[in-house]
Amino acid sequence: MKSFWKRYSYSVIKLFVNQFAISIFGLVLALACGKAENITLMYVTSIGAIIFYLFLLYAALWEIGAKDKILVDGGRLPKNNLNGLYMGLLANIPNFILAILVSIGLLFADGGVISKIGGVASSISIFIQGMYSGILAIDVGGAPLNTYFFVYFLIPLPAILICTLSYFFGIKNYHFTKLLISETPDEAEIRREKKKRNK
């Protein structure tokens with residue numbers, strides 16, 4: 001675990017910083033749509049912010065996996081297909097701690113100190129996962145989603161899944177999209193030649 005943290009600590013912290021940055025982006029969109037009283041647009045922009053966030057995670061973890069593949073192939077790093085899962089879990093520790101505090105606060109919803117701590121944790125959770133704020137405003141069973149404790153445990157799961165899959169794709173050199181693959185000079189020349197022939 002010590003060697004894992006030494007190697008990937010920067011990446012884990014960067015994942016959380018990226019989450020925070022996209023969170024602010026998502027919150028701004030949700031607040032703007034809420035002020036305009038356009039609920040449909042708020043849902044759409046929230047989904048867009050979530051997709052953007054997950055794509056950033058995919059790009060970051062795929063690159064880490066691809067770099068690790070070079071070291072694994074050279075025998076300088078032991079292969080572990082689950083490194084992406086571990087990084088995703090570590091980056092989401094703050095989210096899970098807040099989810100536990102929210103759950104405890106809702107369990108003791110009597111207006112006491114514990115209840116207030118849960119309320120503060122809920123606000124912080126929505127602030128640092130702002131890309132989900134539009135979705136969490138959806139009414140289910142007569143109450144918005146952000147009033148259900150289990151939701152706070154569910155919203156980090158897509159990020160963890162993407163971290164797991166993208167690192168695995170990177171270390172296996174699988175390409176989900178060509179957007180992340182830089183073109184070599186030879187490939188660029190071949191593409192230009194094909195274009196000339198097709199004219």
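**Pocket, surface patch and selected residues**

Helix H1 contributes five residues to the lining of the largest pocket, the most of any element. The model is a predicted one, in which local features need pLDDT of at least 70, side-chain atom pairs count only at pLDDT 80 or more, and totals for chains, interfaces and linings use all residues. Residues are numbered from 1 along each chain as its sequence is written, and side-chain values use heavy atoms, with hydrogens and water left out. Helices are DSSP runs of H or I with at least four residues, numbered from the N terminus.

The largest pocket has a volume of about 190 Å³. Two elements each give two or more residues to its lining: helix H1 (2–35) and helix H2 (39–73). A pocket is an open set of points on a 1 Å grid over the protein atoms alone, where a 1.4 Å probe fits, with protein on both sides within 12 Å along at least five of seven lines; lining residues have an atom within 4 Å of a point. Volume is the space filled by probe spheres set on the points, which are joined across faces, edges and corners. The lining is formed by Tyr-10, Ser-11, Lys-14, Leu-15, Asn-18, Ala-60, Glu-63, Ile-64 and Lys-67. Four of these residues are nonpolar, two polar and three charged. In this scheme Ala, Val, Leu, Ile, Met, Phe, Trp, Tyr, Cys and Pro are nonpolar, Asp, Glu, Lys and Arg are charged, and the others, Gly among them, are polar.

A nonpolar surface patch covers about 890 Å². Its members include Ile-93, Ile-100, Phe-108 and Ile-117. Helix H4 (93–107) and helix H5 (113–128) each supply two or more residues to the patch. H4 gives the most, with six. Patch residues have over 30% relative accessible area and no salt bridge, and nonpolar side chains are joined within 5 Å. A salt bridge is a side-chain nitrogen of Lys or Arg within 4 Å of a carboxyl oxygen of Asp or Glu. Areas come from the Shrake-Rupley method with a 1.4 Å probe.

Ile-100 belongs to helix H4. Thr-45 lies in helix H2. With a relative accessible area of 16%, Thr-45 is buried (under 20%). Thr-45 and Gly-134 are 89 residues apart in sequence, yet their C-alpha atoms are 7.6 Å apart. Ser-3 sits in helix H1. Its 57% relative accessibility makes Ser-3 exposed (over 50%).

Technical notes: Patches are made of residues with over 30% relative accessible area and no salt bridge: like charges are joined within 9 Å, nonpolar side chains (Val, Leu, Ile, Met, Phe, Trp, Tyr) within 5 Å. Buried means under 20% relative accessible area, exposed over 50%, partly exposed in between (1.4 Å probe, protein chains only).
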